[in-house]
Amino acid sequence: MDVVSSAAGVEFTSASLLRSYATWAEIDLSAVRQNVRALKAHVGDGVLLAAVVKANAYGHGAVPLAQAALDAGAARLAVARIDEGIQLRNTGIMAPILVLGYVPPVDMRRAVHYSLTLTVNSEQQVLSLARASVVRGVKTPVHLKLDTGMNRYGSSATRLIKLAGAIERTRTLELEGLYTHFACADEEDKSWTSWQFEAFMSARDRLAKSGFTFPLCHAASSAATIDLPETHLDMVRPGLALFGLYPSTDVSRDVHLQPALVLKGRVGRVHDIGPGDGVSYGYTFVAARRMKVALIPVGYADGLHRMLSNRASVLIRGQRAKVVGRVCMDQLVVDVSPIDHVRVGDEAVVIGQQGEQRIEAEEVAELSGTIVNEVCTRLSPRVPRLYFDDGQLCGYSDLNASYSPITRRGGGIRKGVAAGRILP
Ligand SMILES: *Cc1c(COP(=O)(O)O)cnc(C)c1O
């Protein structure tokens with residue numbers, strides 16, 4: 001019997017946990033480790049990999065994804081906000097964590113307390129961070145971000161020289177990294193990226209001439225990591241690629257990546273409708289003939305864009321079933337007329353593979369008028385995440401339980417309560 005036990009010590013079967021959800025995401029941690037290894041092999045031994053796990057690892061779950069990336073050889077982690085770094089620290093992750101975004105000066109003490117590495121961009125931040133670090137009695141590493149034309153976070157070379165001076169004068173802060181971010185690296189035409197990269201390299205030289213050097217220079221996110229080896233420098237910062245997704249159709253497929261995420265729902269009702277019957281809010285779909293429809297409990301509050309109304313498909317019994325009518329907050333309806341034997345409880349795949357058929361996150365993104373990054377990050381906290389390792393359930397999280405690893409044991413099944421869930 002496939003008995004597993006959660007961190008809370010409660011035993012249940014993986015099948016019973018799976019059966020207890022009507023809507024869920026499955027995340028393959030072996031795929032994530034495989035992707036990290038593929039990216040590491042591509043950049044070579046001399047280049048560090050910082051796994052970007054901001055925004056809950058693009059919806060996949062920051063804690064298990066960070067752990068999987070570190071297990072596969074990522075040297076560091078990167079997040080956008082302080083709280084994301086603290087969440088990782090609170091689970092015992094010791095690897096250096098770089099905060100990529102703006103942090104208000106009042107938050108510097110928390111940053112120091114949790115040993116987070118900040119990207120500082122003002123004298124005020126430098127002074128607050130230095131003050132917070134004095135108490136700790138160790139040098140606090142900082143990174144500077146050069147704005148090479150994205151006009152987002154960062155500063156010009158001239159301002160960075162001043163800032164680097166202010167940092168050195170504190171004596172408690174230490175220049176560890178210099179980086180930039182590309183605006184168009186995922187496009188076929190790499191000329192803007194080359195221009196930004198040249199600007200970065202000449203600014204680095206200017207800073208060096210002023211006496212400021214950086215052990216870690218980095219520029220490449222997923223697109224440049226895959227397509228532009230000359231930009232790898234000391235470290236790469238892939239996010240999307242860790243999850244098995246490519247930034248655009250123009251990015252090379254030479255580095256083989258495996259999508260880690262599958263989104264599923266269970267058929268909640270199957271019934272027939274006749275000519276003239278409308279489906280869902282606003283009757284934007286009206287049946288022209290007799291047809292069979294199935295209800296899937298996945299809606300826009302789970303992260304599926306309402307743009308998918310009357311456009312997307314799901315997989316049921318290995319076949320495509322088209323969404324009819326509007327996507328609602330919690331559910332949607334699909335046409336299953338051509339599919340035999342659809343029953344309540346059947347698995348429907350919204351993103352992922354079923355039998356021979358596949359619905360890529362890219363397809364959902366295109367139909368939603370957005371990019372795969374947004375499709376993943378929109379997956380709401382309401383969607384339970386089930387984690388798999390080599391096909392075996394190894395952890396889960398849902399609204400009532402933050403990430404809980406599951407360990408496998410022999411023995412009988414016992415009724416139990418797992419973080420608020422009563423399982424058969
Ligand atoms: C989000 C982000 C990344 C990762 O980008 P991907 O395209 O997902 O690889 C890297 N660097 C910075 C500064 C970012 O904001």
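Predicted model: local features only at pLDDT ≥ 70, side-chain atom pairs only at ≥ 80, totals over all residues.
Residues are numbered from 1 along each chain as its sequence is written, and side-chain values use heavy atoms, with hydrogens and water left out.

Let me begin with the sheet, where eight strands form a closed barrel in the order β4-β5-β6-β7-β8-β9-β10-β11, with parallel pairing; strands here are DSSP runs of E of at least two residues, helices are runs of H or I of at least four, and both are numbered from the N terminus, while pairing requires at least two DSSP bridges between two strands. As one example, β5 (residues 76–79) pairs with β6 (residues 97–99) in the parallel sense over three bridges, and L77 stands opposite I97 in β6.

Against this sheet packs helix α8, touching β8 and β9, where contact means heavy atoms within 4.5 Å. The direction of α8 makes about 155° with that of β9, given that axes are lines fitted to C-alpha atoms, for helices over the stretch in contact, and that angles run from 0 to 180 degrees between N-to-C directions.

Turning to the helix pair, α8 (residues 157–170) and α9 (residues 191–209) have axes that come within 10 Å and cross at roughly 35°. The residues in contact are A157, T158, L160, I161 and A164 of α8, together with A203, R206 and L207 of α9.

Finally, C217 is buried (under 20% relative accessible area, with a 1.4 Å probe and protein chains only; exposed is over 50%, partly exposed in between), its value being 2%, and C184 is also counted as buried, at 16%. With a disulfide taken as a pair of cysteine sulfur atoms within 2.5 Å, the count comes to zero.
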